[in-house]
Amino acid sequence: MPGTELDESLIADISAVEKLTSLSDISRLLHDTLAKERGLEAELDQLLHRRGELEKGLLDLHAGSRETLEVVKAEAESLANSVKRTSNLSERVSRKVRELDTAQSRINGTLESIDYIVNRTNAVDGVQQALQTEDYEAAAQYVSTLLQSEDKYGKVHQDSSIKQSEQQSRILAEAQQELKKVVQAQLEEAVCKQEHDTVVRFVRLYAPLRMKDEGVHAFTEYVRNLIAERAREEYSALVESTGHSDNDTDFISALTGLFKDIATAVEENHDLLLTNFGATFLVEFTLGLQAECDVQGSRIVQRYIDHKKLQRLMKDISGFTASQRMEPGQPVTSIDPKQVAGHLEEMLSLAKSSEQYKQYMMGSMQDAMTPAPLDPHLEKRFHSGQFSVTIRELIAYYIAMEEFFMEQSVDKAISIDEWTGETLSSSMVDDVFYILRMCSCRALDTANLQALTAVLGQLNTLLASNLAQALDQRWKAGCNKLLKSLGAALGEAGLPSSGPSPTSHAAQHAAVLNNSDMASMYVQKLRSELEGSSSQMFPSASQHQRIKSVLTDLSKTASDLRHITSKALDHVANGLMPQLRPILDEVAQVQYELSDAEYAANEVEDTWVQSLLGRLGAYLNTLQPLLTPANYEQLVSLLLEKVIDRLDATMRLKRFNQLGGLQLDRDVRILTSTLADITQQAVRDHFARLSQMATILSLESVSEFLDYWGDSSTISWRFGEAQVREILQQRTDFLQDEIVALPLYIQ
């Protein structure tokens, strides 16, 4: 607060005065105080001079405000009177509107009563006349019209003649009950005589009589009996045929005929039920026919299972020990795979037609309920019947037998493996993948997710174990025989030998290397095909994800097969190195401290480079037509790595002058350009270290290297700072002090 601040300031000034001890300080403070006092007096004088002006302005403001307030008061009173008059007018208008609304409601009620009385009178007369003439459709329509009137206007509409009203109501009730009895009796008679048109005629009458549940139930039972009668005839013929000959028994046609009868019944009666009873009752009708399918369809499938003795066959399959079943090359012969294949094709047809039937029925119910989704409870009712249980049992038999068939067929293909000379691989690879592709496509055709994932899992197991194990066991012996055949074909000098060429034997042994490469390629191709086909068969995201998780294992299997190929090719590359060792040993004796004459002579004479290229070319040209393109390129890469590593180690032990460095650069260029013609890969990358080494060794001076070093250099150096100094030290004419002082740290 201002007063409090002033008191505190005064107390502070007094405290300061009490502390003064010098006369000059006291005089200075006195003068300052007097100056402030004179300033305050001047401000007070100015305020007193303005007092008159302020008082005059206040009087003028008071006089003007009074006149303005009087005007505002008059206008406000006028506005209040206007609002009051408008309110009174609105109240009178509102009262008139309420009176008119009440009158209109009474008129509408009177009209409704009249309409009800007229409809009731017409219904009484019309129903009696229609019953006398047996025009049941018209009678039902009269009853429906009256019931609709009661729903719309209510049942309590009494006219002036209460007695007449009660009499009409009694007559109508009696006529309605009589009509219901007639319709029910006529429908039962038509059902017994199987007069379909008459059945449809009287079923339609259940809807206007408010008997939809009874009507749909009666019609469903009628259609079910028709389907059941025909199905029993088919089943009897089926049972009779199974007693004579297995080949004459056509379970597929019997089951397909049942599906066709049910689907036709749903399709032909779709409009009848949807128009007269609604979508809900159409779905109930469909579920009712599915109940008949549960009875008749499960009988047919169970008869097939019993007739084919699948349960006993499953016991025989399960009786084999794991070692007998999983040992490649030792197929089980007590069960004929051809017989199993026949059963698989039959089970496929049964499962496929069943799945197509289910999809049609589910689609029919979903279309009926569109745009609303189908109630999950109704869908569960459809899939929980006995027929679905029997089909799941059949699928279980199919899965076990398909797995057995695949395993036995794959082991058989491995055991009879042979090389025909027409392909780069042996028969094992093509046969195995033909079998697996056939089985996987068969599993896909079942349109059953459980069957597909189980078969794909077994397929991957066979590839990862049986086939991979067979390939892994055979590659080493095949590679050794291949190397031996190459030695016989080319001789010790690496040139074609005289006499019969054993390249056919080399091609046979090379097929062992190609098998794993072809198998890896086939696995990826099979995975791609299955993923594309399954995405169309199973569009659901959850289903597709489940299939994809199984197919992912195939990619790992393909990688494992490529690893076998890499091991085999590395073994071949190691086996070829002894054939190149004499030339590489010769390189160790070559001098690179050259005179001008020696450098010029090397330009026209053959050196170790031509010898190495000749030997390499002979082996690679012989191997190229025997290997798959991928295997050939990988072998070239492995062999070049081993040769270049040997050359790199040899060159790091030599001494050079500048001409020697130029000679090394020439040798590397010849190697690079020549080898580039025999392979599709970038050979220059393999020789990058040797090429950079030649660049360093061919410099004019130590300091010249800085032109190639640093951030501005276009060369991606494969050597570090220490390695560069070591290479520079190989130059006999470079001083050690200059090499040590070279500022390489800038990179």
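Okay, a definition to start: on a 1 Å grid over the protein atoms alone, a pocket is an open set of points where a 1.4 Å probe fits, with protein on both sides within 12 Å along at least five of seven lines, and lining residues have an atom within 4 Å of a point. This is a predicted model, so local features need pLDDT of at least 70 and side-chain atom pairs count only at pLDDT 80 or more, while totals for chains, interfaces and linings use all residues. Residues are numbered from 1 along each chain as its sequence is written, and side-chain values use heavy atoms, with hydrogens and water left out.

So, pockets. The largest pocket holds about 400 Å³ of space, where a volume is the space filled by probe spheres set on grid points joined across faces, edges and corners. Its lining has 20 residues, and Glu-355, Lys-358, Ala-447, Asn-448 and Leu-449 lie nearest the centre. Helices H13 (337–369), H15 (386–415), H17 (449–490) and H19 (541–589) each give two or more residues to that lining; helices here are DSSP runs of H or I, at least four residues, numbered from the N terminus. H13 gives the most, five residues. By class, I get eight nonpolar, eight polar and four charged residues, with Ala, Val, Leu, Ile, Met, Phe, Trp, Tyr, Cys and Pro as nonpolar, Asp, Glu, Lys and Arg as charged, and the others, Gly among them, as polar.

Buried or exposed? Ala-447 counts as buried, at 12% relative accessibility; the cut-offs are under 20% relative accessible area for buried, over 50% for exposed, and partly exposed in between, using a 1.4 Å probe and protein chains only.

Gln-194 has a positive phi too, near 55 degrees. You'll find Gln-194 in the loop between helix H5 (162–193) and helix H6 (196–204), and at 43% relative accessible area it is partly exposed. For context, most residues other than glycine have a negative phi, and most peptide bonds are trans.

Quick look at the second largest pocket: about 260 Å³ of space, lined by 16 residues, with Asp-417, Ser-426, Gln-508, His-509 and Val-512 nearest its centre. H17 turns up again, supplying the largest share of this lining, six residues.

Now, aromatics. Searching the whole structure turns up eleven aromatic pairs, meaning rings of Phe, Tyr and Trp (its six-membered ring) with centres within 6.5 Å; planes under 30 degrees apart are stacked, over 60 edge-to-face, the rest tilted. Phe-259 and Tyr-357 are stacked, because their centres are 4.3 Å apart and their planes at 10 degrees. That pair links distant parts of the chain, helix H8 (residues 251–268) and H13, 98 residues apart. Phe-259 and Tyr-357 are both buried.

Phe-705 and Trp-709 make a tilted pair, 5.3 Å centre to centre and 35 degrees between planes. Phe-705 is buried at 1%, and Trp-709 is buried at 5%.

Last one: the charged end of Arg-299 sits over the ring of Tyr-235, 4.0 Å from its centre. The test there is NZ of Lys or CZ of Arg within 6 Å of the ring centre and within 35 degrees of the ring normal. That's me done.
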